[in-house]
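User: I am new to this structure. Please walk me through it in short questions and answers.

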Amino acid sequence: MRGREFGAVVDFGQPVDTVFGYLADPRNRPEWQSSLIAVTLKERAAPYVGMRWRETTVVGVRPRMEITRLEPGATWSERGTWHGVEADLTLRFSPTDDGSRVRAEGVVRGAGPWAPPATLAGRLASAAIRSDLRRAAKVLEQRAHG
């Protein structure tokens, strides 16, 4: 599978634990991820490694998602698959003087006829994840002052 790496860094005005708790919970995703309409989970449990869900995107793609790493306050990772496309995303959290920093790193891979769309998605992913994380920062800022 050929892959395209992406990444972004966004600062948040809240402490790491608050930001981690918000971003690590798939139920919050439609609130801050612009490409999502809905997240379908079969359970109401707190996030854990192996937790699975289905996303419904604005373009009709419905990837199967799974949390692959969860180290509270430090690192969270997921894997998404849809037909011949696979994507991995890792969020790393660190404290700053004014709150926290989230570093997103990932790769989108595609096999066979899915390689070109996966490469295109990978090219667009850095800007998309940066925008989405900025939206999440705004949501948390509004909650803190509202």
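Analyst: The answers below concern a predicted model.

User: Which residues touch the most other members of the largest nonpolar core?

Analyst: In general, nonpolar side chains of soluble globular proteins tend to be buried together. Here the largest nonpolar core holds 34 residues. Those touching the most other members are Phe 12, Leu 23, Trp 76, Phe 93 and Leu 133.

User: Which element gives the most to this core?

Analyst: Several elements give two or more residues to the core. Among them are strand 1 (2–12), helix 1, strand 2 (36–41) and strand 4 (64–71). Strand 6 (85–96), strand 7 (99–110) and helix 3 (115–145) are also on that list. The top contributor, with 8 residues, is helix 3.

User: Which residues is Leu 133 in contact with, leaving aside its neighbours within four places in sequence?

Analyst: Leu 133 is one of the core residues that touch the most other members. Two of its contacts, Phe 12 and Leu 23, are on that list as well. With sequence neighbours within four places left aside, its contacts are Val 10, Phe 12, Leu 23, Trp 32, Val 102 and Ala 104.

User: At what angle do helix 1 and helix 3 pack?

Analyst: The axes of helix 1 and helix 3 lie 11 Å apart. Their packing angle is about 115 degrees.

User: What is the handedness of this crossing, left-handed or right-handed?

Analyst: Helix 1 is the one described as passing helix 3. The crossing is right-handed.

User: How many residues of the contact of helix 1 with helix 3 are nonpolar?

Analyst: Helix 1 brings Thr 18, Val 19, Tyr 22 and Leu 23 to the contact. Helix 3 brings Leu 133, Ala 136, Val 139, Leu 140 and Arg 143. The division gives 1 polar, 1 charged and, for nonpolar, 7.

User: Is Asp 25 buried or exposed?

Analyst: Asp 25 sits in the loop between helix 1 (16–23) and helix 2 (29–32). Its relative accessibility is 14%. Buried means under 20%, so Asp 25 counts as buried.

User: Which residue's side chain is joined to that of Asp 25 by a polar contact?

Analyst: The contact runs between two side chains, at 3.0 Å. The partner of Asp 25 is Arg 27.

User: Is Asp 17 buried or exposed?

Analyst: Asp 17 has its place in helix 1. Its relative accessibility is 63%. Exposed means over 50%, so Asp 17 counts as exposed.

User: How many Å apart in space are Asp 17 and Glu 5, C-alpha to C-alpha?

Analyst: Along the sequence, Asp 17 and Glu 5 are 12 residues apart. In space, C-alpha to C-alpha, the separation is 27 Å.

User: What is the relative accessibility of Glu 55?

Analyst: Glu 55 belongs to strand 3 (residues 52–57). Beyond four places in sequence, it touches residues including Arg 29, Gln 33, Leu 36 and Met 65. Glu 55 counts as buried because its relative accessibility is 3%.

User: Which residue's side chain makes a polar contact with the side chain of Glu 55?

Analyst: The contact joins side chains at 3.1 Å. The partner of Glu 55 is Trp 53.

User: How far apart in space are Glu 55 and Leu 36, C-alpha to C-alpha?

Analyst: Glu 55 and Leu 36 are 19 residues apart in sequence. They also touch. Their C-alpha separation is 6.9 Å.

User: What is the phi of His 83?

Analyst: His 83 lies in the loop between strand 5 (75–82) and strand 6. It is exposed, with a relative accessible area of 63%. Most residues other than glycine have a negative phi. His 83 is not a glycine, yet its phi is positive, at about 50 degrees.

User: How far apart in space are Arg 44 and Arg 27, C-alpha to C-alpha?

Analyst: Arg 44 lies in the loop between strand 2 and strand 3. Arg 44 is exposed, with a relative accessible area of 72%. In sequence, Arg 44 and Arg 27 are 17 residues apart. In space, C-alpha to C-alpha, they are separated by 9.1 Å.

Technical notes
Residues numbered from 1 in each chain as written. Predicted model: local features only at pLDDT ≥ 70, side-chain atom pairs only at ≥ 80, totals over all residues. Heavy atoms only, no water. Helix = DSSP H or I, 4+ residues; strand = E, 2+ residues; numbered from the N terminus. Buried < 20%, exposed > 50% of the residue type's maximum accessible area, 1.4 Å probe, protein only. Polar contact = N/O pair within 3.5 Å; in protein donor to acceptor, adjacent residues only side chain to side chain. Core = buried A, V, L, I, M, F, W, Y, C linked by side-chain atoms within 4.5 Å. Contact = heavy atoms within 4.5 Å. Axes fitted to C-alpha atoms, helices over the stretch in contact; angles between N-to-C directions. Left-handed = near helix turned anticlockwise from the far one by under 90°. Nonpolar A, V, L, I, M, F, W, Y, C, P; charged D, E, K, R; others polar.
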